[in-house]
Amino acid sequence: ALDQIATAHRRLVAAVDRAAGLWPDRRAWTFDPGESLSFADVGRRSTGLAAVFSSRGIVAGDRVAVMLANRAEFPLTWIALARLGATMVPLNPQYRGEDAGHILHHSRATAVVTSGDLVEHVQEGLGHVDRDVPVLLVEQLPDAGLPDPPAHRVAAEDTVNIQYTSGTTGRPKGCVLSHRYWVELGGSLTNEFPHLGHEDTMLTAQAFSYVDPQWNVVAAMLAG
């Protein structure tokens, strides 16, 4: 089954929905401090969040910057945007002013998702952008009561992330990462070393704005 999704579907959203169907009650994520979500919770809440984003005008092809601490809403937002065919642009929550502004400007972000504790950092960055960009606070987004998001046929080559480098050799550069990239990478951690399986637990201690925690999310979805 892992080979099938890694070689045929190659879609992040297919991996999420497959996990929700196979292991609905199994714990998917625990955030400390914070909440625990089952695989079914991840499927349901990411679909609901996609509907919220759609109601706020986010459509396929949009690039949405996300500045959040390590909380469930970060990977849920990532998956929700992927359901719509939109692209996540992660923003390091340590960024201020010109650093955040460079990525917001260069990525041509059409919206920013953040939280109340980080909104000032986002506003500093938007001060370096010469256009209006709406800011959505996760604390103010509804979690129920909206119709399902519009149907979008996700292709393996659709862009899921524009993941910016750390900028050690100049201005950060945007790496364009597709559904195929994420599922083949996550699949390699299940089909090859370290052969992750449903009895394993993964500890992630990095910020979700980095690429490694996102690898772990995909691998865990594939491995159960």
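Modeller: Before we start, contact here means heavy atoms within 4.5 Å. This is a predicted model in which local features need pLDDT of at least 70 and side-chain atom pairs count only at pLDDT 80 or more, while totals for chains, interfaces and linings use all residues. Residues are numbered from 1 along each chain as its sequence is written, and side-chain values use heavy atoms, with hydrogens and water left out.

Colleague: OK, what is Ser46 in contact with, leaving aside neighbours within four places in sequence?

Modeller: Ser46 is in contact with Val16, Asp41, Leu76, Ile79, Ala80 and Arg83 once those neighbours are set aside.

Colleague: And which side chain does the Ser46 side chain join in a polar contact?

Modeller: That of Arg83, at 3.1 Å; a polar contact is a pair of N or O atoms within 3.5 Å and, within protein, one must be able to donate a hydrogen and the other to accept it, with residues adjacent in sequence counting only if both atoms are side-chain atoms.

Colleague: Is Ser46 buried or exposed?

Modeller: Ser46 has a relative accessible area of 0%, so it is buried, a word that means under 20% relative accessible area, against over 50% for exposed and in between for partly exposed (1.4 Å probe, protein chains only).

Colleague: Switching to Leu104, where is it found?

Modeller: Leu104 is found in helix α5, residues 97–106, and it counts as buried at 2% relative accessibility.

Colleague: How far apart are Leu104 and Val13 in space?

Modeller: They are 25 Å apart, C-alpha to C-alpha, and 91 residues apart in sequence.

Colleague: What pLDDT does the chain average?

Modeller: The average is 91, and 95% of the residues score at least 70, pLDDT being the predictor's confidence in each residue, from 0 to 100.

Terms used: Helices (H or I, at least four residues) and strands (E, at least two) are DSSP runs, numbered from the N terminus.
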